[in-house]
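Please keep the sequence and the 3D view at hand.

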Amino acid sequence: MFRPASRLASLPAPATIAMATRARALAAEGKPVLSLALGQPDFPSPKEALLGAEAEVAEGRTGYPPIVGQKELLEAIAYKFKRDNELDVPLSSLMVANGGKQVIFNAFMASLEEGDEVIVPAPYWVSYPLIAKMFGARPVEVQCREENGFRPDPEAIRQAITPKTRWLVLNFPNNPTGAILERDDLEALARIVRDAPHVLIMCDEIYEHLTFDGRKHLSLRQVAPDLADRLLIVNGVSKAYAMTGWRVGFACGPDALIKAMVKVQGNATSGICTLAQGGAASVLRGGMEGVETMRQTYERRRNKVVQVLRDIPGLTCAMPQGAFYAYPGLQALIGKKSGGGRLLNNDVAFAEALLEEEHLATVPGSAFGYGPHLRLSFAASDEQLMEACTRLKRFVQAIHP
Ligand SMILES: Cc1ncc(COP(=O)(O)O)c(C=O)c1O
């Protein structure tokens with residue numbers, strides 16, 4: 001009889017999976033389910049990606065690639081860091097993985113010991129604490145208050161650091177809040193980690209190109225180059241280039257860490273699909289017009305969606321500065337009853353009732369360690385977004401004590 005390994009016991013079945021399963025079941029019953037739950041661009045991948053992939057086949061690069069990544073792609077990544085982040089990075093500090101997620105998996109597996117601590121500012125993307133737990137580490141959540149624009153309070157980070165802290169994870173622009181960090185924020189965080197030389201810093205910059213209102217993403221490594229020997233940048237082509245299915249992520253970090261991560265990957269997936277590497281190299285070398293068009297579309301949708309959400313009595317909604325999610329707060333509605341008579345005692349109950357009664361799939365904020373909120377992705381068409389807002393509004397208007 002199959003018995004799962006004990007390390008899986010620390011992985012709870014996330015509310016998001018239960019929600020997705022229920023959404024599929026409702027759709028199979030013929031219900032008009034609309035989902036804003038996925039963190040996936042709704043655009044096709046750029047044609048340069050297809051051309052790059054075709055070239056791999058045409059030129060016969062279809063054998064096992066180097067585990068670390070093909071030289072052409074590593075060079076394109078170094079070019080990207082220079083162009084976008086003003087960073088000169090040697091190829092020895094780079095590696096390619098199956099998506100940003102495998103970069104994180106490789107890094108944690110390569111570095112964490114049982115009992116280590118990983119500081120994760122909340123709200124956070126769900127995978128950091130889950131992957132850390134797989135390797136016996138303890139995620140330490142530090143709440144980033146909405147009043148502070150969902151940015152981490154440097155003093156709270158300082159207090160969370162202990163001799164057991166192995167990593168501080170920084171994901172800005174943030175999933176799920178869209179918060180970005182300014183130079184001052186980065187400088188304050190840099191001062192704190194300088195006092196804690198045993199701490200590694202993971203900067204997940206996968207949403208770097210999706211910033212709004214003229215703001216630009218700044219990398220901690222630009223602001224604090226002295227931290228480069230313990231700073232790992234996580235990035236990839238999934239979000240900016242609408243290439244989630246290509247599974248190309250990359251990392252830039254200290255050589256010894258990258259080597260250890262390559263060792264992990266060599267025993268798991270080996271080097272990633274050569275066609276995907278060709279596609280990624282091609283878009284990273286290409287112009288930014290396509291990315292800019294998508295960014296403008298997200299910004300326009302954000303403006304519309306946030307305006308509608310703010311007009312729904314009972315909801316609050318901070319203005320996301322980047323990424324493609326709105327994160328409305330439900331504080332005023334918790335403890336009340338839905339139109340269908342369901343008790344909305346927390347944001348999971350709220351999201352479940354919304355799915356059952358209006359067939360709108362979202363993700364409850366508590367899945368990201370910060371509720372009661374809902375995450376709504378605006379990587380969806382204008383029509384879908386307006387229909388979703390109509391359903392949400394109807395649902396909220398029917399809520400009663
Ligand atoms: C913050 C963040 N980092 C990393 C990833 C992983 O991206 P991928 O593995 O598709 O490259 C995601 C995907 O949702 C994300 O939201």
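By class, the shell around the ligand comprises four nonpolar, five polar and four charged residues; here Ala, Val, Leu, Ile, Met, Phe, Trp, Tyr, Cys and Pro count as nonpolar, Asp, Glu, Lys and Arg as charged, and the others, Gly among them, as polar. The model is a predicted one, in which local features need pLDDT of at least 70 and side-chain atom pairs count only at pLDDT 80 or more, while totals for chains, interfaces and linings use all residues. Residues are numbered from 1 along each chain as its sequence is written, and side-chain values use heavy atoms, with hydrogens and water left out.

Which residues come nearest to the ligand? Of the 13 around it, these are Gly100, Asn175, Asp204, Lys239 and Arg247 (a residue is near if one of its heavy atoms lies within 4 Å). Helix H4, residues 99–111, contributes the most to this shell, with three residues; helices (H or I, at least four residues) and strands (E, at least two) are DSSP runs, numbered from the N terminus.

Polar contacts are pairs of N or O atoms within 3.5 Å. A polar side-chain atom of Asp204 lies 2.5 Å from a nitrogen atom of the ligand, and one of Ser238 lies 2.9 Å from a ligand oxygen atom. From Lys101, a backbone N or O atom is 3.0 Å from an oxygen atom of the ligand. Of the 400 Å² of accessible area that the ligand has on its own, the protein covers 92% (Shrake-Rupley method, 1.4 Å probe).

Turning to the whole, the secondary structure of the protein chain comes to 13 helices and 12 strands. Its C-alpha trace spans about 60 × 55 × 50 Å along the principal axes.

Notes: A polar contact is a pair of N or O atoms within 3.5 Å; within protein, one must be able to donate a hydrogen and the other to accept it, and residues adjacent in sequence count only if both atoms are side-chain atoms.
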